[in-house]
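Hi there,

Here is the structure I promised to pass on. Have a look at it first, and then read on for what turned up.

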Amino acid sequence: MLAVACCGKQTPPSPQAGPAPASGLTQTPHVTLVAVTDWQGVLKPCGCTPDLQKGGIERIARYVGDLRAHDDSVLVVHAGSLLAERDAVSTPAHRAQWQLRLQAFGQALGRLGVAAVARSGFDLQVGGDDAKAAYDKLPAAVLASGAKPTLLQRTASGVQVGLTALDSPEDEAALATTVAGLRQQGAQVVVVLDNLGLRAARKAARAVPGIDAIVVGKLDEKVEPELD
């Protein structure tokens, strides 16, 4: 998870003062982007390695809640696989369990106030109709080429943010046109939710003018060396 502020700075309250009240938060026009990638529908990590012992969705919810306590222009987005893990939904019991988890996960995203997600082709490949139905029910804008390719959202501090998804190699050629269109519609900050990995993100950053931030999903796992 990554948080980054664009278009101005905000001054968080001092630790002694505690969080500022929700009213009167707006200072410099800005957006604070909270980016989550490759969530894979996991409510709670297994805890089998130190990196997975730091908490699950409740930890992220606490972080976002604390951030919003002194910042009224937080925008939460997701790229990469949102709903499916590596294993295919192969048995009826597994499918029933996964469907229940998807319901709980969708409710959690609503409470987090996620603004937009890039629809993952991997999710649809693994989860089929169940994954498609889950995306249709998500309390967030689902961005995908040919469906809902863009979203414009204005922060409380007055910044117009344009979001779009990059979810297939064929979309790379059209990305410049999409970004230019968002700028013409008034987007002051343009964010691309990339489901194609780091190489595609670097290529887009070099080739397409007008992109302010790329959230990179479909990242390879960090592989720890084996020690004898």
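Let me begin with R62, which counts as exposed at 58% relative accessibility. Keep in mind throughout that this is a predicted model. R62 forms a salt bridge with D66, with 3.1 Å between the closest N and O atoms. The two sit four residues apart in helix α1, so about one helical turn separates them. D66 itself is partly exposed, at a relative accessible area of 41%.

The count of salt bridges comes to four. Another of them joins the side chains of K132 and D136, at 3.6 Å from N to O. These residues are also four apart, this time in helix α3, and again that is about one helical turn. K132 is partly exposed at 46%, while D136 is exposed at 58%.

R183 and D212 meet in a salt bridge as well, at 2.6 Å from N to O. R183 belongs to helix α4 (residues 172-184) and D212 to the loop between α5 and β9, so this pair ties together parts that are 29 residues apart in sequence. Both ends are partly exposed: R183 has a relative accessible area of 30%, and D212 has 44%.

Now for the strands. How many residues of strand β4 (residues 114-118) are buried? Five of the five are, so the strand is largely enclosed by the rest of the structure. Strand β3 (residues 74-79) runs parallel to β4 and is joined to it by three bridges; H78 has V117 as its bridge partner. β4 also pairs in the parallel sense with strand β5 (residues 141-143), over three bridges, and there A116 is partnered by A141. Between β4 and β5 the chain passes through helix α3 (residues 121-137), making a right-handed β-α-β crossover.

Helix α2 (residues 92-112) is worth a look too. Buried residues in α2 include W98, L102, F105 and L109. Seen down the axis, the buried residues of α2 fall within an arc of 160 degrees, so they line one face of the helix. Elements covering them include α1, β3, β4 and α3. On the other side of α2 are exposed residues, among them Q97, L100, Q103 and R111. After α2 comes G113, with a positive phi near 70 degrees.

Best wishes

Terms used:
Residues are numbered from 1 along each chain as its sequence is written. This is a predicted model: local features need pLDDT of at least 70, side-chain atom pairs count only at pLDDT 80 or more; totals for chains, interfaces and linings use all residues. Side-chain values use heavy atoms; hydrogens and water are left out. Buried means under 20% relative accessible area, exposed over 50%, partly exposed in between (1.4 Å probe, protein chains only). Two strands pair if DSSP finds at least two bridges between them. A crossover is right-handed if, with the strands pointing away from the viewer, the path from the first strand over the helix to the second runs clockwise. The arc is that of the directions from the helix axis to the C-beta atoms. Contact means heavy atoms within 4.5 Å.
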